[in-house]
Amino acid sequence: MDENKEKELELEKLLEQVAGLIDIGDKVSNSGDNNQKQAENPISVENQDLPQELIITTDSAKKEVNRKNKNIDDIPEELLAEENTDIIDKRSIPEEIPPELLSEDIPALKEEHFPASGKIEVAGDVLYVKEEEVEEVFPDIAEGEISEQIEDTIKKVRQLSPEQLLKQKKKRIRKKAVMGLWHLFSIARVIFILLASVYLSIKAIDYGSEFLGIDRPEKLQLIKIESGMTADDIADKLVAQNVITKKNMFKLTVRLRKAGSSFVTGEHYVSANMGYTDIIEEMTTVIERDTVRITFKEGIYLKEAADLLAKNGVIGKVTGDTSAEDKEEYALHFIEVFNSYMNGYKFEKYLEDPIDTAFYPREGFFFPSTYEFYQYKEEEDIDVVCAKIYDALDASIDDKMLYQMQLKGYSINDLLALSSVVQMEAPSMEEMKKVSSVFQNRLKNPAGIGRTQPYLESDPTKKYVEEVIRPNMDPGAVRNKIMLAYDTYQTAGLPPTAICNPGLEAITAVLYPENTNYYYFAANIDTKETLYAYNLAGQNANLEIIQQQYEDALNTEIS
């Protein structure tokens, strides 16, 4: 009995010691998942009185114990009893912390000495840190360099209070924040440099292209330099006419070329694609060429104007040996260029494509005026002639007139075609607005002349067929179709093109006619007197009056 009691007491004592050991393991491991970590989590053992034999496992928990040379055979059988498994099975049994870790000189920490929780823990006077977290805890030490530096750091950490540890943690956080901001600043700086480089590259290409005239418009612009104009004044004129866009760069180029006082007064034709150097050279070079001054009257035919240019040596070189055939060839070549010339004028937005019955598509666009031309030297001179004539037309038909043209539903072709008829029909400028009203009343209300379609019934349109189309028509052309289209007695509406080149007064008369109800008029060519009628009966009466006037005038001459 005494022996049994002694064994029971010894067993109870051992169980108490095991329970104490388990409590120490809970404090060190700080793990809540005991079932999963049973075979992994080492803990420290600070109770040096605990017998070395108390390294325990059970079959149900599938524990492994390997402490030095010990094995499961060394475990007392009493601790493997069935009634003890429910206690041991729910605990994580730690290994004993090696005694050397408790010594003054702490060696390099190894992974098996770290708690599985991944946190910094202190068991006794030893600091435990997982190896994969050394870089976070000790940011100044590179990975794998766990040596004397860590030992020194551990010794320093032992001496810090919780407040000091918190302060160091905040310091590390601030350091990371500063580094993060520095990285952001570095990225922003790189982006800024890239954007600035792109912007400067684009600007450099833009400035370079304009300076050299690369991919710039070919449109010829007339620049008139007057006496006393400065480089700044000339630059303003070039900008206004879209020849240049970089005024300061142009002025700098003028200064570098020392051309500020070398600009030649007069007319200069330049284009944006010439580049700054050629533009300045053109406007500072004295051109010693013969010029010719030609006046083109209102109502002139395009062929007549071309013949005048050819005769005066403007569109082809003329000498004493130049034949009539050569001059005719010059004239026809000019008409071909003139009929297709485009230079970005305002009226081009309202230009219609020519129809197949149009004889000279740009008849009516040769603005009557007095021009001064250079004698012909090269093919480019023809472009300058065309530019000068179209410039005059574009300047004469201003924005207000173009707006009125749109209100009346006309294209620029319609406006010039009707204006040419008024130009040829009206005996004087004073009668143009009334004559214009007659034709526009016919176009708007053909019933006023007893027709279902608007017939102009204009004699000058038949005259154009006989004087211009028939003698100059290509023999292979469809003669009857074209000539019929221009005869306004047989074809309704406006002729395919203008029948002459009208002046500004005729164009204005079409845009702003008098408000009348006349559908007929008859004019005395000799006296310029014009009689108007509302109907055909009134027209016939007016024709009798005019016929009587002619007879009276003839009898006066005879007597």
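Helices here are DSSP runs of H or I with at least four residues, strands are runs of E with at least two, and both are numbered from the N terminus. This is a predicted model, in which local features need pLDDT of at least 70 and side-chain atom pairs count only at pLDDT 80 or more, while totals for chains, interfaces and linings use all residues. Residues are numbered from 1 along each chain as its sequence is written, and side-chain values use heavy atoms, with hydrogens and water left out.

**View 1. Asn242 in the loop between helix 7 and helix 8.** Let us start with Asn242, which lies between helix 7 (231–240) and helix 8 (247–256). Its phi is near 60°, a positive value in a residue other than glycine. Most residues other than glycine have a negative phi. Asn242 has a relative accessible area of 58%, so it counts as exposed (buried is under 20%, exposed over 50% and partly exposed in between, with a 1.4 Å probe and protein chains only).

**View 2. Glu457 and Ser458 in the loop between helix 15 and helix 16.** This loop joins helix 15 (432–444) to helix 16 (459–472). Glu457 is not a glycine, yet it has a positive phi of about 55°. Glu457 is partly exposed because its relative accessibility is 22%, whereas Ser458 is buried because its value is 0%. What does Ser458 touch, not counting residues up to four places away in sequence? Its contacts (heavy atoms within 4.5 Å) are Val421, Glu425, Phe439, Thr488 and Tyr489.

**View 3. The buried residues of helix 18.** Within helix 18 (residues 504–511), the buried residues are Ala506, Ile507, Ala509, Val510 and Leu511. They pack against helix 13 (399–407), helix 14 (412–425) and helix 15.

**View 4. Lys170 in helix 6.** Helix 6 spans residues 162–212, and Lys170 has its place there. With 47% relative accessibility, Lys170 counts as partly exposed.

**View 5. The whole protein chain, for orientation.** Stepping back, the protein chain has 19 helices and eight strands. Of its 559 residues, 40% count as buried. Among contacts with a separation of 6 or more, 66% come from residues 24 or more positions apart. The chain exposes about 33,000 Å², of which carbon and sulfur atoms supply 51% (accessible areas come from the Shrake-Rupley method with a 1.4 Å probe, and for residues only the protein chains shown count as cover).
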